[in-house]
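I'll jot down what I look up as I go.

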Amino acid sequence: MTDAGTKRNAGLPVAIFVTVVLILLIGGVFLLEVFSFSEEAALSSAPDEDIEARAAALLAQGDATRGAVLIETYQCAACHVIGAENNIAPPFAGLADRAEARHPSLSAAAYVYESIVNPAAFIVEGFQNSMVQNFKDRVTDQDLADLMAYLLTQTGS
Ligand code: HEC
């Protein structure tokens with residue numbers, strides 16, 4: 001009787017130990033999940049910085065003269081008629097002056113970059129989201145850089 005009672009009692013600390021180890025393991029895995037989740041969240045909350053860095057790097061290698069030719073190559077001028085205003089697309093004239101104020105959290109370069117690669121992100125008042133949506137797949141980095149350089153020389157009206 002006494003022997004059996006002692007054995008049962010000896011099993012108890014082992015059970016407690018196993019339970020504690022299990023709780024620690026599960027807790028550890030849970031903490032890891034939470035930690036990696038907050039890292040992902042931190043990454044996705046910094047897209048503006050990414051756009052700024054990418055736009056600045058592209059602009060640094062842009063050639064505005066070549067960009068002027070590319071406006072015709074990619075038929076941007078089919079909608080953005082050079083030297084005229086219409087209700088199809090905003091004119092490029094004066095874009096360099098307006099760009100910074102269009103999207104308060106973006107610099108002029110980043111706004112122009114975003115307007116080409118992700119036009120739906122910001123729709124100019126009075127216009128539809130009818131700009132070609134897949135330029136980011138069709139325009140090479142160098143062409144994008146040259147287009148941006150050209151557009152950012154468009155001052156005045
Ligand atoms: C099918 C018509 C169409 C074509 C082609 C087109 N766009 Fe656009 N674009 C628009 C429209 C409509 C808007 C205004 C709506 C918006 O903000 O997306 C716009 C907006 C823009 C803006 C922002 C202008 C501003 O005043 O804020 C830029 C920059 C731009 N386009 C560049 C280009 C470039 C570069 C090309 C050629 C590679 C091009 N677009 C081709 C229709 C077009």
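I started with the buried residues of helix 5, and I found Ala108, Ala109, Ala110, Tyr111, Val112, Tyr113, Glu114, Ser115 and Ile116. For me, buried means 20 or more other C-beta atoms within 10 Å of the residue's own, exposed means 12 or fewer, and partly exposed is in between, with C-beta atoms placed from the backbone. Nine of the ten residues of helix 5 (residues 108-117) are buried, so this helix is largely enclosed by the rest of the structure.

A note on what I'm reading: this is a predicted model, where local features need pLDDT of at least 70, side-chain atom pairs count only at pLDDT 80 or more, and totals for chains, interfaces and linings use all residues. Residues are numbered from 1 along each chain as its sequence is written.

Next I asked what covers the buried residues of helix 5. The cover includes helix 2 (47-60), helix 4 (95-102), helix 6 (135-138) and helix 7 (141-151). Helices here are DSSP runs (H or I, at least four residues), strands are E runs of at least two, and both are numbered from the N terminus. I get seven helices and zero strands for the chain. Buried residues make up 18% of its 157 residues.

Then the core. The largest nonpolar core has 21 residues, and Ala109, Val112, Tyr113 and Met148 have the most contacts inside it. Such a core is a set of buried Ala, Val, Leu, Ile, Met, Phe, Trp, Tyr and Cys residues joined through C-beta atoms within 7 Å. Helix 2, helix 4, helix 5 and helix 7 each supply at least two of this core's residues. I followed Met148: leaving aside neighbours within four places in sequence, Met148 is in contact (backbone-placed C-beta atoms within 7 Å) with Leu58, Leu59, Gly62, Ala109, Val112 and Tyr113.

Last, I checked a helix pair. The axes of helix 3 (residues 64-73) and helix 7 come within 7 Å and cross at roughly 100°. That makes helix 3 roughly perpendicular to helix 7 (the range for that is 65 to 115 degrees). Axes are lines fitted to C-alpha atoms, for helices over the stretch in contact, and angles run from 0 to 180 degrees between N-to-C directions.

Conventions:
Contact = placed C-beta atoms within 7 Å. Parallel < 35°, antiparallel > 145°, perpendicular 65-115°, else oblique.
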